[in-house]
Every structure is written in C-alpha cells, then in structure tokens.
Amino acid sequence: MEPALLSPAAYKFFHIPTALFALLIPLAGTAAFAYIMKRRIDPLLKAAPDNRFDQPLARIWRVLKIWLAQWRQPRYMMAGVIHIFIFAGFLVLSIRSTSLVFMGFWEEFTFPGFGGTFGHIYNVFKDFAATWVLIACVIAAIRRGIFRPERYAVPARYGKDHTGEAVFVLALISTLMISESLFEASLAAAQIQQLQTAEFVAPGTLAWLFRNMLLDAPIAKLQSMHITAYFIHDLTFFFFLCFLPLGKHFHVITSLFNVFFMRLERGNIKPVRHGVTDEQLDDLESFGVKKFEDFTWKHMLDFYTCADCGRCSDNCPANAVKRPLSPRFISIKGRDYMFANFPLGGKDVVKDKDYQLIGDIYHPDEIWSCTTCGACEQECPLGIEYIDKIVDLRRGMVDEGNVPQSLQKPLRALEKRGNPWGKMEKKRGAWVKEIAEDAPVKLIEKGESADVLYFVDSISSYDDRMQGIAQATARILAKAGIDFGVLGKLEKDSGNEVRRFGEEMLFQDLKAQNTDAILEAGVKRIVTADPHAYNALRKDYDNLPPVDHISQVICQEVEAGRLSLTAANGDGKVYTYHDPCYLGRHNQIYEDPRRVLDAIPGLSRVEMSRSRDRSFCCGGGGLMLFYEPEEEQRMGVLRVEMAAKAGANVIVTACPFCLVNIEDAIKVAGLEGRMEAIDLSELVVQHLAA
Amino acid sequence: MEILVCVKRVPDTSENEIELNGAGNDIDRDDLVYSVNEWDNYAVEEALQIVDKVGGGVTVISVGDDESEEVLRREMAMGADKGILLSDDAFEETDGRGIAAVLKAAVDKGNYDLILTGAQADDGAAQVGGMLAAMMDVPFASLVNTIEVDGDKLKIGREIEGGNQEMHEISMPCVLSIQTGINEPRYVGIRGIRKVASVEIPTMGAADLGVDAAAVAARVKRADYFLPDLGEGAEILEGDTDEIIEKLIELLKAKGGLK
Amino acid sequence: MAQIFSYILHKDGVVDDTALELAAAAKKIDAGATPNAIVVGSGDSLDAVCNEMVASYGEVWKVANDAITYPDAEMIRKLLVNILPADSILLFAHEHLGMDLAPGLSVKMDSAFVSDVVDVEGADGATLKLVRQEFGGAVSAHVTCDASQGAVMTMRPGAFAADESKGAGGQVVDKSAEAGDLAVNRKFLEIVEAEAGDVDITKSEVLVSCGRGIEDEENLEIAFDLAKAMGADVSCSRPIVDAKWLPKARQVGTSGQTVKPKVYLACGISGSFQHMGGIKGNPFIVAINKNPKAPIFQVADVGVVDDMLDFLPELTEKIEEL
C-alpha cells in the first residue's frame, strides 16, 4: 500500500532527496553544539578543584527530588506550576523530538520499546504534552511580557533586561510544539482522506485540532505541509539546542548536573581550597577568589545554570533593604564574565596579573552586604550556592588587605582578646557572679569539672543585655539538674562570623584554642544558646563532643517531665517565634522552640508569613554588627513589621544577635510599648515552676 | 622615593581597659595587649600609597624592646620593605627628645627623602616628629591629612580647627606627622604576618648608632599614674529648671564644655 | 626661676581665650612671676592685640613682620629662637599651631618639652611638677620636667581657668628688629575651608548628641542651637541616621563613629551598648532624658531628668546670656 504522504526520508525536493537535508541538519547542529559546549567547558577545566563526587546516593536523591520532581518550584505557585508543565512536557517530548530527527533519513526508526502498544500509548501522551506545553508557554509569555512580575526587573546598574530572551525562547518552544503537531496532523488527515488506518490522535490535543482543520485540505498541500513542518521542527530543534548555552536557558542542559553536584550539607563553609588541609594553609600562595579562575568548577557551573528566576533576590534580606547586593546578579555577572572572556569565537581573554574581580564585576560593599542567612540557597530550584562564593570573595579581599575600617578593629580585637569588643579575657565569665546564689555556675578556668559545657560565646558573655540570655540558660540547666560549667577566660569567640567574613587564619586560631580548651575540660556534651556558636561548633570544628542548642535541651527536658512550665498569665500577649538563620535554615531546628512555646499552657502563638525555612534575617550576627552597610532601612525593622502584621506583640527568638537587632528595630520602628522581644531561654525562666 | 616611617608599640585603648594597679601609681599592666599605634598605621599606609604611585621603598623603624619587632612585622606585612629595631637598655628610661635623638642617629645611617611619624600616640605627647625634624634641620608639618607628590616638593594639608585644612608646599627631605583619616589602612591578618615571619629585622643599639648617654638622658619623666577625681556615677541634678541649668553650666565650664 | 613667656594666639585682632589661660598657668608655675607675652603678626590689628595683653602680662613682646601674615609655625619657630633668651620657659596652647611649632622649638632652644599639660602642681627649684592625661584621658600622670635649661610646654585649652585679674600693667616692647632671617623650606599656600556640614565628630571636644528623644526632624534645630552656643558639634545615635535626619558621619556608636570628646551631652539618648561603645576616652557625660530609668544615667556623670525638647532651649538661652 502506498503511504498516504511521502515521509521526509522518501520525499524529493526538485529531485534532491530531502533525507539528505534531514541527515545534514543534525550533523551540522550536533557539531555546532559540541563546539559550543567545549568552549563552555573550557573555563571549568581551569577552575579551582571542588569535591562533588562524594555521597552518590544522596546526590541521586537530590536529582530525583529537586530536578525530576521539581520540589522547590511550587514555592512560587504560579511560576512553579507553569514550569512544572513545561519541564514535564520537555521530558515527554524529548523522546519524540529525537526520534523525529532520525525519521528524517530513516523512515522506520523507533526507539527500542516504542514500536508496539507502548508506542501508541506514548503517542497519545506526547500529544497532550505538546498541547499543555504550548498553553503553558502562552501563559508564561503573557505573564513575562505583559504582567512583568517585579522580581524579573533588572536595575540599570546590573545591565539589560532579559524579558526579550525569555519570550523568544517561549516562542521557540511553541514553534517546536506547533510544527511537531502539524507534522503529525497532516499525515493523519491524509490517511483519513485515503481511508487508511490513521494513527490515533487524542481528542482535545493540538494535533487533533490541526487534523480536524486539515481534513478537507488537498493532498498536495498536506504533503508540502508535512515536509515543511518536519524541517521547521528539525531546524528549530537544533537551533534551540545551540541557542541554549548562549544565555539563561543554559539551565535546560546544566540543571541536571548542577543539582547532582549541589551542596548536600547546610551551614558549613568550603575549605579555602579543596584538597588542602588546615595544616597546609600556610603553604598556599593566595587565599580566596581574586581572579575568575579562583572559583571552583561547581561555582562556575552555578553561573551557567542560573535561570534568572529572581527567587534568591526576592528572598534576600540585603536586597529587601536595598543594600547593594542582589544574589541573582552575583550569578548573572559571573555568567556574563564567562561569556565575554571565554568567547565562542576567538581566544580566552588573559587578564593582567593585578586584575581583581572585586572592583571590576563585583564590588566590596556588595560582597560585605551578605549576612550569610542562606535564604537564597534555600530557595534556588537549581541548587545554586552563594554563601561559599561570598566567603571565597571575602577571603580574597582579606588576603589583599581590602577590609572595611569598621571591621578591622573587631578583627584585631578578636586576634588579641578573643572577642570583637577587645574586652578583657578575665571578664568573660563575670556574668556568673550575679546568679551565684540561685544558679551557681562552675568555672572550668578555675579547675572545676562538669559533664556538660555551656559554650556562651562573646556576645552573651560581654554584652550587658545579652548576659541575660547566659544567665537564663544557666538557670535552666541548673533547674534541670544538669551538671554544667563554662570555660570562662579559656573560651574564645566561636569564630562563626570570623570564618564567614573571610578571615580564615584567625578562625583557625580561635578554633584551635577553643578545641584545646573544650577537649581539656573533658566534658561529654556541649550546650549553647547562641546559634552562631552552635553552627560553628557543629559545622566548622572537628572531633568535639555532641553539641545541642538550648532550645533542644529545654524541649527534651520539658517533654521528659524534668522541667515543668507554669501557665501564661492571660495578659493578652500574643507571641510569635522568629527563626534564627543559624538555628533554622542552617541547622533545621524549627520545631523544638515551637514545642517549648506550646508547652507553656495558655500561651497564644501566631506564625509570621515568613517562618521556618523562609524566615527573614534580623540583620545578621557577629561581625555584621560592626559593618556599616548602605541600606535604606534595617532588616530588623522589616521583621518587626512582619510580626506586627501577624498580630503578635511579643517576638520570641533563640539567638542573642536576633535579640539585639530586633530590640533595636522595635525602637527604630517606633513600636516601643506595643512590641517586645525576648529570648526563648528568658521566657522559659519566667515560666519555670518553683 | 625612600620613606622612613617611625612606629611605636602601644597598648591600644580600644583593646584595653586602662585601669590603675592596686598600688595606684601605675596602670595595671597584667592584662594589656599591645598593637601598633593607630596614627603610625595610617603613616605606613600613606607611605605605601606614595611609593605605589612614584616608586621607591618604605622602611619602618621603632625604638623599643624586642617585643616591638611584632609591630614592625605587622607593618612589613602591610607592605613595608624593611624594618629596623632600635633597642638598647639605655633607651628605656629616656623621654621624647631622647627617642628623637636615637631616631636622628638612625636616619643619618640611611638616605631618606621623607620621614613620617604618627601625629600622636595614646601614651605619647605628639612630640617626636617635630623634634626629629629640628634635629635634622629639615622642615616639618604636623597633623598632615593629605600628601601630594610634586617633583622634589610635596603639597600637604594640615588638619586645623573646624575641619579646615591648612595647605603648604614643603621641600624634601622633611618630616611629616600623620593624622588619622588621611587614608584607609589595609588590613593585616595572621596570614600576612606569618609571611614575613622569617624576614630578618636588624637591631641597632646605642653603640651602633653612636648615641651617647647624655643624648638620651631624660629631662621629662613620668612620676606616676593616678585617677583624677571625677566623682562616681550619675549625679542627678535636682531643683527647678533654672537651678539645674545653673549647676549644669558651672559643671560644663569646669569640664571644658563651654568655649 | 627663668622668665616665662606666653605665645598669644590671635586672629583678625581678636585674642584667643587661651591667652589668659596661659597667664594663669604661668602663675601656677611661679606664683611670684610676672609672665611676658609674645605677639607675632602683621598689620594694624597687631597693636590692638598688644595693647589688650598689657593688662595681663609684664612685657608684651611685639614682633611685626610682613612675612608673617599667616601664623606659619616654621617661620615663627625661627623667629622665637632669634629673639628669646636661653633658658626661658615658653607656654603655648595645645592646638594645631602649638603642636606644629613647639616640639621643634624645644630642640632648637635646647630646653625640655612637655605637651598637653592639664595642670601644674608647682615647682621644686627648676623641676616642674605637671599633670598630663594619657590613654585618651583614662588615666592622668604626674610628670616632672627639668627646666634648668629652659622649657617649652603646650597647655590644654580650657584646662586652666583664665586669669581675669588684668592688673599686670605691663608695656609693649617692640622686638620686630630682632626677628632675623625667616627663610624656611615650607610655604603656606591657603586655607581650604571644610564643606558646610562636613564635621568630623571624632575630633570634636564637645558634642551635643541627640537620640530618639528629638522626636521630629524639625527639632534638630534645638540641638544645633545649643551646640552653637556651647561651641560644640552635633552628633547623634543610630535612629537619627536611620531616619535620614543627619548623615552617617555624625552617628556615634559601634556602627558609627568612635568619638573621644571631653564633654558629651547625651540628649534623649537611652544609652544602648552599641551607642556607648562609640564613646571613648572617659568624657564628662551629661545625660538629659525624660525617662529616669534610661540606662544612660548609669554611665553618665551628671543626669537631668527632663524632656530634652523643653530643657535644651532654656539651657541654650542661659548659655547665650553668659
């Protein structure tokens, strides 16, 4: 039986078999794509090493969840659902599109397993997929082109808007969908006209619509439409493939890899250089990222992978208060640099030896503005990381001596005195005296020993107000009958921010002193009320006894019945819990503090819209207290306003830095008397049963 | 341009709580930590920036005991090429004039176009730079907060009252004492200091310098430290507003709060 | 004891306040002495200055020299070396001219040098017993000075109560002819005026600092009026900067400027740790706050419990009346 229409593999165009074009287009397209990819991979080969091949199972799990299941997409419901439809459609249609390429010169081609019933089922499915992708593209284009959500806007200082590229790509995808459907519909229409067995076209699909429209079309017209649709698809397909690595749609190719290689742990900081131990640091010629090749290959892959979706910046507190930092543009400027300096045609641009990224594409204030709260990384649907890049850039600046004056004094004081205020070491444990009668605290500096070490850290040791947290913590531990002590003058700053501000050697120094003191003390367990210390001791230190945050301890003790809490007194207070970044996002402790609050009978508690892993940074801890950013307002003020909006009049937090920032912000926001802030430990002490 | 910067190791007030000792005649020196005098640090940064622009070398020099080597190394980690330590038991009890005489002897052994000092030190008297210039018979300017190189001359600004600036043209060689805020000194971390840890710092004593005992004999001596009687805690002024204001004005006058 | 000379600061015919303070200091060194004054400059106003000084000094040495239209330390040092007898005791005010001039002068005169003297406890023969402050004023020190070969000293302005007795009945002695060669290798060019509002509070000796108690941007005028009357500068706490009522350069605190004034008027400032962290050098702190429980009262030397918006204008008025 004659086929209803000649296939591209059999058709002749002015005596030239179109199969020839169908063969040449993929060959040329694949060759061009291979060359482009080689140029894109070139910089990664010059990059700093990165250890991303560990824990393959955990990595595969990330791929299944974050890449395949698009786990983070629905955090932005509208955009997320549109993306899931396009992504799923792509996965389905990739098989069809690839087999179409082969069918152009090999008429009978089918992928193994797609010949029989499964092939028919797949065909129905892909018809629907093409339809929903087209609909999603139209909606997406309207959204981007007409409604223009604010987070996609590009401030003038960061370069040009990317809407054009986005809409163009949506048009390319639509072209693929339409041409594929026309290719199929024209054949089906011809088959029906010639009373042949036609491939089933699912009702309601794009192909079905086209087929019905073409039922009366002349065969000659159907034939040319069939061939034309094929080649439009073929050309668009390879054009699209080669176009992807030229812009933000590179993520279509790189996302799978980027998610596989994404960071598995949170709260930790990359070593100065992978493969170089702390003991070998002195041998390194240079620290941190100064020139582009100092980035690791994963960080470069991040730049390629950024889809410019703006979710990082939309959640970035620094961006929210108009500090000169928008994490999205850390990536985009990195990608622009790569495209410009590793051009597709021509040689790699060689920078002179004094060249520094800081001052060219990045700016010191931009890099110092980050509080390392981690909201950007929590949100990124592609596993792009920012904190390690920021820290590496800071390491480079510190190594060059390029440190803001406001940070130099606390850093020097940390070096000399072990705390950023330059206070005397011997006064570190002075806060214990005031509570000596009702909650005696053992001083390990005086040779006493204890089962549990309470690691206080600098701010709760020295700041008059925050000493309240230290004293409350001590009272709770004493009430729970825990045998505990503090290091006193043997304790130094945990160095959480010292490390995150890029002063690695000073951090190593503090870490060594603390580690010696802690191991020497012979304690079995460590408790701290400072999430920054908690994070550092857990993520940055090695071989310490287990570390708990006081909220975990209180939760255990309350639920085990060893601590009982008296009821709230019905004074009309409405509490809300503010998740500290270093307790929540970086260490996933979200529930324990809430369970403690809920264990206070009659306590009325509301949630802010931004809570748990979307908590909003109070303004940053440690050295961030000393940095003077350019900003339009303070993060803490925004946070206090969020609490007010939630209907709360007491903000409970579990971090001394949060308390400093929020108490200050209450004053700045003019909410004194209407809003108060309290640490969880202080609140618990108020409710300790006699 | 060859620049010599004179630096001093001091207990920085921002890292120490300066208190009297038990006997009440000296400051409590048990828990002091020392660093380079803040003004000197600005002077070194300024020297480095000048040399960056016009070429040359920067030498840092200090009169002090062996521990002063620490501050010399910190300044070398900033970028100074050489450090010289002037140390001798004979220098320990001297006064500002003696220090200037010791520095003068060391300056004579080199060939410097420009000598910088800090404008003052927390435990000092803002004197050594001016004395050194007089001993060398070269021009001097204090409280310098801008320097522009113009051939063998410098155009400099001095910080005077009200944030105004007194501009001068000054011939080299000369001595300038540097005011804070003239620049933003670069940061030096532990890593920077370790990099210069093994660089040798020559030490010169009185004999090497040809300084005799008479030149360093102190005419000005600190007898003791004491706490001026300022009263304790906030005294809440009582009475009606006029009485309070009267008392307050008296207090302000006494404390130099009214000009 | 050797003859004591005071170097008189003057500008446009107006004698600086320190002139009478130096007279007082001289009498503390030697109660029986009649100190002399040195007045250097040019133009018609010089005589007026000299004539004013005869009431407080024994001899007023006038040196008129057209080369010294601006008080240039390098030239004046040369001039003083030329005219002064050896072994003299010379007093300067400890300000930018004194700091520029005096240390080198002591070397040229081969005399002892003491700077920033805040008190004189007396003399024992040729040994002077003086008081200085160190470590930003955290502690004071007794200093002995061997003035047997003369001495040059700078005295802290405001530390000595001006000698208003004006009974010296002195005379003007014209020493202009003895000035000698004044060629120097430093040339005064000009004064560059600070931009309006460009105040460096880290160098201010007296600060009127306002906090949230100011309530409204328009009320800032109250603080500026007081500062003007006192000869002080205006600083503030962070909320004022956050509200963009004053520039960041005026903020005192750990995230702002570190100031080392002698007197600090904290008006409507609660006294947070962050704010107090920016105040060094143990200044005399006056707290004015309507909340008697404000922590600022813990750290202040003197407290006034009142609304700054009411209290400050009255204080300004009284100071202006002085």
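This is a predicted model: local features need pLDDT of at least 70, side-chain atom pairs count only at pLDDT 80 or more; totals for chains, interfaces and linings use all residues.
Residues are numbered from 1 along each chain as its sequence is written, and chains are lettered from A and ligands numbered from 1 in the order in which they are written.

Me: What makes residues 96-108 of chain B a helix, and what span is expected of α3?
Reply: Helices are DSSP runs of H or I with at least four residues, strands are runs of E with at least two, and both are numbered from the N terminus. Helix α3 of chain B has 13 residues. The expected span is 1.5 Å times one less than the number of residues. For α3(B) that is 18 Å, and the helix reaches 18 Å from its first C-alpha to its last, so the value is close to the expected one.

Me: What makes β11 of chain B and β12 of chain C edge strands?
Reply: Two strands pair if DSSP finds at least two bridges between them. β11 (203-204) of chain B and β12 (186-192) of chain C each pair on one side only, so they are the edges. The sheet is open, has 10 strands and shows mixed pairing.

Me: How do you know that β1 and β6 of chain B pair?
Reply: Four bridges join β1(B) (residues 2-6) to β6(B) (residues 114-118), and the definition asks for at least two, so they pair. These two strands run parallel. The bridge partner of C6(B) in β6(B) is T117(B).

Me: How many residues does each of domains 3 and 4 of chain A give to their contact?
Reply: Domain bounds, here 419-557 for domain 3 and 574-686 for domain 4, come from an automatic or database domain assignment. Residues are in contact if their C-beta atoms, placed from the backbone, lie within 7 Å. The contact takes 26 residues from domain 3 of chain A and 27 residues from domain 4 of chain A. On the domain 3 side, α18(A) gives the most, with six residues.

How values were computed:
Two residues are in contact if their C-beta atoms, placed from the backbone, lie within 7 Å.
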